Amino acid sequence: MNFAKRIIPCLDIKDGRVVKGVNFVGLKDAGDPVEVAKRYNEEGADELCFLDITATVEGRGAMADIVAKVARELFIPLTVGGGIASLDDISRLLDAGCDKVSLNSAALKNPELITKAAAKFGSQCITVAVDVKQKAAGVWHVFTHGGRNDTGVDAFAWGREVVERGAGEILLTSMDADGTKAGFDLSITSWFGANLSVPVIASGGAGTMQHVLDVFCAGADAALAASIFHFKEIEICALKSFLAQNGISVRV
């Protein structure tokens, strides 16, 4: 089926502010999360992703108070990630108003969390974030803790496992491409898109409209980006017009 492709701005949150860096470091302030979320809701984003990028490193849960404020401004789906380590954490965030949660470090530490979460809340609520870095030709490892820890886990094997355990979609981030604006990693995105039965959100590297077109042609179901939208280098409505002109089905 030819489902419409999704455009998803990402709010990386640190100390209650939206930030953006390169290769997960060198963070710059990009605004208040509530105001930024409100703008994206008005500008035609299909979904919004809220990632509390230091929650796991700091050993705390995602900030439910900010999530609740953001959710009140949205009429589009909201995914929240960062510091989610239990079913209670997931329940708390869903109660705060998000539609989906994104699991990463805790899922790798305890893969059974994916299985239990999908069973309790439904696969449609469970996204698994897979942060990868290329180690050799054809070899990608999964990283955790905001890209700080190399788990040694093969990205392809992990992708298969999370789907088998009931994840409803995968947020695939190339750490090599993150923030570079040099384009998405098309090779690993195409493998995930071709070999896994759930939607794949491509993240890391968006710099031009052509980059987004390329990743959709490579098999991604959604494209996630931050700085090009935060700093208004690309308008979402203009991007959707460009994609439609090039044969990509998008939500108007």
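Figure 1. The structure holds two cavities of 30 Å³ or more. The coordinates come from a predicted model. In the largest cavity there is about 50 Å³ of space, and the second largest cavity has about 40 Å³.

**Figure 2. Lining of the largest cavity.** The residues around this cavity are I8, E47, L48, C49, T79, T127, E169, L171 and I201. Two or more lining residues come from each of β4 (48-52) and β10 (169-174). Sorted by class, the lining of the largest cavity has five nonpolar, two polar and two charged residues.

**Figure 3. Lining of the second largest cavity.** L172, T173, S174, F184, D185, I188, T189, A202, S203 and G204 line the second largest cavity. At least two residues of this lining are supplied by each of β10, α7 (186-195) and β11 (200-203). The element that gives the most is β10, with three residues. The lining of the second largest cavity divides into four nonpolar, five polar and one charged.

**Figure 4. The second largest pocket.** This pocket contains about 370 Å³ of space. It is lined by 23 residues, of which F3, R6, V198, P199 and D221 are the closest to its centre. Its lining consists of eight nonpolar, eight polar and seven charged residues.

**Figure 5. Nonpolar cores.** The largest nonpolar core has 76 residues, and L78 and F192 are those with the most contacts inside it. Helix α2 (residues 64-71) gives the most to this core, contributing six residues. Another core, of nine residues, lies apart from it; I8, C49, L51 and L224 are among its members.

**Figure 6. Surroundings of F192.** Leaving out residues up to four places away in sequence, F192 touches A155, F156, G159, I170, L172 and V200. One of these partners, L172, also lines the second largest cavity. F192 itself belongs to the largest nonpolar core.

Figure 7. Helix α1 covers residues 33-43, and P33, V34, V36, A37, R39, Y40 and N41 in it are buried. G44 follows α1 and has a positive phi, near 100°.

How values were computed. Residues are numbered from 1 along each chain as its sequence is written. This is a predicted model: local features need pLDDT of at least 70, side-chain atom pairs count only at pLDDT 80 or more; totals for chains, interfaces and linings use all residues. Side-chain values use heavy atoms; hydrogens and water are left out. A nonpolar core is a set of buried Ala, Val, Leu, Ile, Met, Phe, Trp, Tyr and Cys residues joined through side-chain atoms within 4.5 Å. Buried means under 20% relative accessible area, exposed over 50%, partly exposed in between (1.4 Å probe, protein chains only). Helices (H or I, at least four residues) and strands (E, at least two) are DSSP runs, numbered from the N terminus. Contact means heavy atoms within 4.5 Å. On a 1 Å grid over the protein atoms alone, a cavity is a set of points where a 1.4 Å probe fits but cannot get out, and a pocket is an open set with protein on both sides within 12 Å along at least five of seven lines; lining residues have an atom within 4 Å of a point. Grid points are joined across faces, edges and corners, and a volume is the space filled by probe spheres set on the points. Ala, Val, Leu, Ile, Met, Phe, Trp, Tyr, Cys and Pro count as nonpolar, Asp, Glu, Lys and Arg as charged, and the others, Gly among them, as polar.
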